[in-house]
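I am opening my notebook on a structure that is new to me, and I will write down what I looked up, one topic at a time.

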Amino acid sequence: MENQKKLGLGSAVSVCVGLIVATSCLLLLGQGMGLAGSGFIISLGIVLFLNVMLSLTFGELHAIMPDVEGGLGQYTLAGLGPVASIISNLSAYVITMILASSVEMAMCGMVINQIFLPMIPAPILSVLLLAILFLVNYNGVDIFAKVQNVVVVLLIGSLIALGVISFFNLGTGTVITAAQQTPPPVTGISGYASLAALAFWLFIGIEFVIPMAKDLRNPKRDVTLAMILGLILLFAVQAMLGVGMTHYVTLEALASSPMPHMLFAENLLGDVGLYWMGIVTLLAGISTANTVLGSVSKILSGMAQDDMMPKIFAKKNKSNIPVAGLVLIFGGDLVMLITGFTQSSGLATILLAASCFWLTSYILVNISVLVLRKKYPDMPGRNKKLTLFGIPQILCIVGNVYMIWHIAEGDARILVYKIFFGLFAVLIAYSVVWVKVIKKISLFETADVHEMNLRSQTEAGMGVKNTNVIIEPPLV
């Protein structure tokens, strides 16, 4: 087995970056630049700093639980107990993914409508595409198995190429001068800080590099370092692309466009840019939704096997697919599409609601590391030089609460809160009833870290895949 551990730091960084970037990031990057202009770079910088602090949290959790694959639910089970575990797992890996994948499907429908089939309404195209992906996954066919890496490289390569072309004014379109540029509606450090929640989505999911730690030559060093370097690389690429967007599109147009990245690509390179960005959006969006349908159903199956969900989610069809979970994700996406929640004007709102759920999971995991530090003060593997008196975790918790509080403005904020608090109330009620009433165990009975490591070692030795984490991280 040791001979297979040949991946270096560069591979870990590339995986980290590839798993974070999605076309929905382009949507929020364009809107953020439209709202604050170059000031949005400060918002990106704030989130970069908070996520670097978060990487120290995940690095420590991996160090004390090196054989656990890194699911938020596993870490919170050890730190805070089963209720927090269910909440963090369903928040980050189910609700967030339903909201995000429905946006990706909506964007795919808009692109097909705009470029290829203007006679068919975009929502109908989105639903048809979702239905096709459901049938593909139901029959156990992974349509992206052989080209997944190509899709990731195409997306990231396109971002870099378009960023360079636009930043250095190399496009075929008309460059907007400073005098022609419209003023940003958001200014000042308090305004930029309020946009941190919007910027947060552009860096979401840094912990997805942890499941590949077993394949790294130096996981103790490279897991945390890969997260930090990946974040810095993402910041540089997105900052360059964001500034480049303002060279070819007015801030007013970026802020008001339902798909600012498509408008930018067309202004930058004409029809070539439109088709280029359209194809990238389709491939990445379909890949994302396809991965969500496949991986989240497995996560729900794993939770059912661990007695955190009803057993029906563990049942599989003849193609070895957990059908109940697949139906749940498909149904959630379908409801979002046919009820109008994913209309062009509401895509950013849906993503901000999804951010609230992931921010909540990160709050729980930061609290967990503080609890585990007190519960296991002499745990082998922990780098005590990086604990920094708990300051990184406190900063993350305060920053995440601040981002939820300033998630949006006006009517958009009210809608985000309705989605978030409504679903979160249902999630808490389910978790408490399931743990206390159905399973009849303590709400805060934590798992033993040593036993979790031993169990993971045993499953790995038997060739058993732990399904209570992201099987294939579903952002791209």
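At what angle do helix α6 and helix α14 pack, and how far apart are their axes? I am working from a predicted model, and in it helix α6 (residues 122–138) packs against helix α14 (residues 323–338) at an angle of about 175°, with the axes 10 Å apart. Since angles over 145 degrees count as roughly antiparallel, I note α6 as roughly antiparallel to α14. I then looked up who makes the contact: from α6 come S126, V127, L130, A131, F134, N137 and Y138, and from α14 come V323, L326, V327, F330, D333, L334, L337 and I338. Sorted by class, the residues of this contact are twelve nonpolar, two polar and one charged.

Next I turned to another helix pair. The axes of α5, a helix that spans residues 82–116, and of helix α12 (residues 260–269) come within 11 Å and cross at roughly 35°. On the α5 side I found M107, V111, Q114 and I115 in the contact, and on the α12 side H261, M262 and E266. The classes here are four nonpolar, two polar and one charged.

My last entry concerns charged pairs. Side chains of opposite charge can pair when their charged atoms come close. I count six salt bridges in the structure, and one of them joins R373 to E60, with the closest N and O atoms 2.7 Å apart. Because R373 lies in helix α15 (residues 347–375) and E60 in helix α3 (residues 40–64), this pair ties together parts that are 313 residues apart in sequence.

Terms used: Residues numbered from 1 in each chain as written. Predicted model: local features only at pLDDT ≥ 70, side-chain atom pairs only at ≥ 80, totals over all residues. Heavy atoms only, no water. Axes fitted to C-alpha atoms, helices over the stretch in contact; angles between N-to-C directions. Helix = DSSP H or I, 4+ residues; strand = E, 2+ residues; numbered from the N terminus. Parallel < 35°, antiparallel > 145°, perpendicular 65-115°, else oblique. Contact = heavy atoms within 4.5 Å. Nonpolar A, V, L, I, M, F, W, Y, C, P; charged D, E, K, R; others polar. Salt bridge = Lys/Arg side-chain N within 4 Å of Asp/Glu carboxyl O.
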